[in-house]
Amino acid sequence: MNIMARNLRQDDQACPVDLFILGSSALLLLIGWVMVTSASSEIAARNFGNPFWYTGRHGLYIFIGLLTGAIALMLPIRVWQRSGWALLLLSFFLLVTVLVPGLGREVNGAVRWLPLGIFNLQGSEFVKLFSVVFFAAYIVNPDNRVNDSFVCFAKPLALISLLLVLLLVQPDFGASVVIITAVIGVLFFSGAPMRFFAPTVLSGSAIVALLVVMKPYRLARILTFTDPWKHPFDGGYQLTQALIAFGRGEWFGLGLGNSVQKLFFLPEAHTDFLFSIIAEELGIVGGFVILAGFSVLVIKTLLLGKRAYQIELPFHGGLATGIGVLFGAQALINLGVNLGLLPTKGLTLPLMSYGGNSLIVSCLLVALLLRIDMEVKHQMKIYPARRNFRDARR
């Protein structure tokens with residue numbers, strides 16, 4: 001009770017929202033906009049005759065993301081909790097619709113987008129959020145005894161597996177890995193028994209290995225990334241160019257706008273490989289700033305989830321920890337790909353890379369975290385009184 005009272009006094013003097021979550025997100029968003037401007041200037045000038053073409057669209061996506069986030073910030077978290085099954089059905093609808101001939105748009109051999117006039121909707125980005133919401137809502141339902149029954153534990157995983165099948169048909173292997181990592185994170189932090197995780201992790205690992213072996217291009221990526229310099233003009237081209245960018249940048253970088261690799265050497269410089277351009281222009285020091293920003297965001301998010309669990313807000317806790325794992329997993333995979341620690345995957349850097357769907361969903365995730373923080377702080381003010389009343393009735 002003394003700890004709760006001390007937290008209560010601190011909350012009375014605190015900002016209505018978590019400044020660490022808000023500040024780290026805003027920092028990453030702004031640095032991302034600046035670096036997208038730099039990384040995309042040459043390709044934009046070549047393709048559109050305007051070096052700031054991508055910059056303008058990126059700014060528009062940020063505006064839409066902030067607007068969407070503002071709306072989400074006004075919605076009580078219970079609205080999301082009640083929408084778990086509806087969002088799961090919407091996820092299936094998005095992933096099935098994109099596979100309908102004539103509706104989905106194919107880019108570089110992948111069918112992941114639904115053309116909506118001036119905007120291409122990538123359903124997999126929204127499915128990441130919807131999956132976490134569904135899982136968090138599922139585990140707090142008293143009828144779903146995930147802590148006692150392996151069947152109840154496995155049911156939502158089976159539903160998510162169907163989503164993953166649809167993602168792999170597109171194909172979108174990277175999004176599949178992020179989603180399954182996030183939902184496992186929700187189950188883990190909710191307190192599900194460790195004995196249930198062993199068969200789940202083993203079977204999941206076996207399926208991933210099978211999927212890699214079944215598709216020659218996936219196996220080729222695995223083999224190539226172990227030594228990309230053997231194939232510098234073939235499968236290892238992107239990674240070798242990314243590593244050259246890191247080598248050029250050294251500690252303090254070449255200076256903003258002075259990247260050499262963005263001069264058509266490094267493909268996807270403003271999307272998947274934005275971090276390589278950051279390292280080239282801002283150096284290792286700039287890279288550490290980005291890493292610190294994501295670390296603060298993820299750690300504070302997980303701590304927020306822990307605090308929600310402590311004051312008996314399990315859905316808030318599950319949603320917060322799921323979002324934290326979602327941010328952490330996607331950022332870790334993107335940084336690992338840029339550094340040559342993981343095989344090449346088509347995943348953007350959250351809050352930073354160019355891409356309307358990713359930016360909008362990232363802003364929406366941050367808004368949900370801020371709303372969770374607001375409701376947790378409110379609950380902390382009344383929790384001691386509610387707990388005393390409940391104890392007195394006993």
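Buried means under 20% relative accessible area, exposed over 50%, and partly exposed in between, with a 1.4 Å probe and protein chains only.

**View 1. His-58 sits buried in helix 3.** At 0% relative accessibility, His-58 counts as buried. His-58 belongs to helix 3 (residues 53-74). Helices (H or I, at least four residues) and strands (E, at least two) are DSSP runs, numbered from the N terminus. Leaving out residues up to four places away in sequence, His-58 touches Gly-32, Trp-33, Val-36, Met-352, Ser-353, Tyr-354 and Leu-359. Contact means heavy atoms within 4.5 Å.

**View 2. The whole protein is a predicted model.** In this predicted model, local features need pLDDT of at least 70 and side-chain atom pairs count only at pLDDT 80 or more, while totals for chains, interfaces and linings use all residues. Residues are numbered from 1 along each chain as its sequence is written, and side-chain values use heavy atoms, with hydrogens and water left out. pLDDT is the predictor's confidence in each residue, from 0 to 100. The protein averages a pLDDT of 85, and 88% of the residues score at least 70. Over residues 1-5, pLDDT stays under 50. For that stretch the model has seven contacts beyond four places in sequence. The secondary structure comes to 14 helices and three strands. Of the 394 residues, 51% are buried. Among contacts with a separation of 6 or more, 73% join residues 24 or more positions apart.

**View 3. The largest nonpolar core holds 101 residues.** A nonpolar core is a set of buried Ala, Val, Leu, Ile, Met, Phe, Trp, Tyr and Cys residues joined through side-chain atoms within 4.5 Å. Which members touch the most other members? They are Trp-80, Ile-290, Leu-319, Phe-327 and Met-352. Helix 14 (residues 356-393) gives the most to this core, with 14 residues. Leu-319 is in contact with Ile-77, Val-132, Val-133, Ala-136 and Ile-372, leaving aside neighbours within four places in sequence.

**View 4. Helix 7 packs against helix 8.** The axes of helix 7 (residues 150-169) and helix 8 (residues 173-189) come within 9 Å and cross at roughly 170°. Axes are lines fitted to C-alpha atoms, for helices over the stretch in contact, and angles run from 0 to 180 degrees between N-to-C directions. The two helices are therefore roughly antiparallel. Angles over 145 degrees count as roughly antiparallel, under 35 as roughly parallel, 65 to 115 as roughly perpendicular and the rest as oblique. On helix 7, Phe-153, Leu-157, Ile-160, Leu-164, Leu-167 and Leu-168 make the contact. On helix 8, the partners are Phe-173, Ala-175, Ser-176, Ile-179, Ile-180, Val-183, Ile-184 and Leu-187.

**View 5. Glu-250 and Glu-312 have positive phi values.** Phi of Glu-250 is near 50°, in a residue other than glycine. Glu-250 lies in the loop between helix 11 (237-249) and helix 12 (274-310). Glu-250 is exposed, with a relative accessible area of 56%. Glu-312 has a phi of about 65° and is not a glycine either. Glu-312 is placed in the loop between helix 12 and helix 13 (314-338). Glu-312 is partly exposed, at a relative accessible area of 43%.

**View 6. Phe-63 is an exposed residue of helix 3.** The relative accessible area of Phe-63 is 53%. How many residues apart in sequence are Phe-63 and Ile-360? They are 297 residues apart in sequence and 8.7 Å apart in space, C-alpha to C-alpha.
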